[in-house]
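Subject: Structure handover

Hello,

I am passing this structure on to you. Please open it beside this email and read the two together.

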Amino acid sequence: MANLASLNEVLAGTERVLNTPLPIAYSIAISQITWVYVIMLPFQLWHALRWITIPGTIVGAYIILGIAAIGREIENPFGRDENDLPLDKFCEALEDESNIIKAKEPPRVEEWVASERNEVVFGSSYPFLAAKSTEDFRAGLRARTNVRAGAKMEASARIESEKAEV
């Protein structure tokens with residue numbers, strides 16, 4: 001059920017991207033600011049570049065106008081244009097994978113839980129853990145936590161002693 005909710009959230013997000021284009025006022029403002037910057041660029045570069053100002057301006061304008069064009073192109077990534085996302089291929093791959101999953105027989109819980117490959121906690125298999133009592137299991141977890149905490153304390157003490165020596 002949680003997976004369906006996640007899928008629904010993703011679908012709603014992609015629909016928002018599709019149905020909420022950049023407002024025309026922003027597009028016009030970005031275009032005007034870009035062109036004003038490109039027109040003013042030679043005046044900004046003149047003192048630093050002198051005779052190389054014209055080629056420098058051409059290269060800078062190419063880069064800046066290219067980025068603006070890329071922004072317009074990827075504004076709507078859904079559709080049939082050359083640079084749009086290949087959603088048909090994505091859907092076909094998902095369909096193929098779901099068909100493969102549906103074609104397999106579901107595992108029997110008894111075989112799956114008791115399997116040696118079922119590493120439940122810290123790389124321990126279920127049969128190994130099932131043979132332990134609850135108290136033994138909790139004591140093992142506490143010991144593991146204490147070992148890690150002790151190692152961290154030793155490391156921080158060693159670092160502090162090295163700092164004190166310097």
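Below is what was found, from the whole chain down to single residues.

First, the ground rules. This is a predicted model, in which local features need pLDDT of at least 70 and side-chain atom pairs count only at pLDDT 80 or more, while totals for chains, interfaces and linings use all residues. Residues are numbered from 1 along each chain as its sequence is written, and side-chain values use heavy atoms, with hydrogens and water left out.

Overall make-up

The chain has 7 helices and 2 strands. Read from the N terminus, the order is α-α-α-α-α-β-β-α-α. Helices (H or I, at least four residues) and strands (E, at least two) are DSSP runs, numbered from the N terminus.

Of the 166 residues, 9% count as buried. Buried means under 20% relative accessible area, exposed means over 50%, and partly exposed lies in between (1.4 Å probe, protein chains only). The accessible surface of the chain is about 14400 Å², and carbon and sulfur atoms hold 63% of that. These areas come from the Shrake-Rupley method with a 1.4 Å probe; for residues, only the protein chains shown count as cover.

Now the contacts (heavy atoms within 4.5 Å). Take those between residues at least 6 apart in sequence: 25% of them join residues at least 24 apart.

Helix H1

H1 covers residues 2–19. Its 18 residues should span 26 Å at 1.5 Å a residue, and the end C-alpha atoms are 26 Å apart, which agrees. The expected span is 1.5 Å times one less than the number of residues. The number of buried residues in H1 is 1, so this helix lies largely in the open.

H2 runs over residues 24–49 and contains Trp 35. Trp 35 is partly exposed, at 45% relative accessible area. A nonpolar surface patch is formed by Trp 35, Val 36, Ile 39, Met 40 and Phe 43, with about 560 Å² of accessible area together. Patches are made of residues with over 30% relative accessible area and no salt bridge; like charges are joined within 9 Å, and nonpolar side chains (Val, Leu, Ile, Met, Phe, Trp, Tyr) within 5 Å.

Thr 34 is also in H2. Thr 34 counts as buried, because its relative accessibility is 11%. Leaving out residues up to four places away in sequence, Thr 34 touches Ile 64, Leu 65 and Ala 68.

Thr 53 belongs to H3 (residues 53–73). It is buried, at 5% relative accessible area.

Salt bridges

Side chains of opposite charge can pair when their charged atoms come close. A salt bridge here is a side-chain nitrogen of Lys or Arg within 4 Å of a carboxyl oxygen of Asp or Glu. How many salt bridges does this rule give? The count is 2.

- Arg 80 and Asp 88 pair at 2.5 Å, N to O. Arg 80 is exposed at 71% relative accessibility. Asp 88 is partly exposed at 43%.
- Glu 105 and Arg 108 pair at 3.6 Å, N to O. Glu 105 is exposed, with a relative accessible area of 61%. Arg 108 is partly exposed at 46%.

Best wishes
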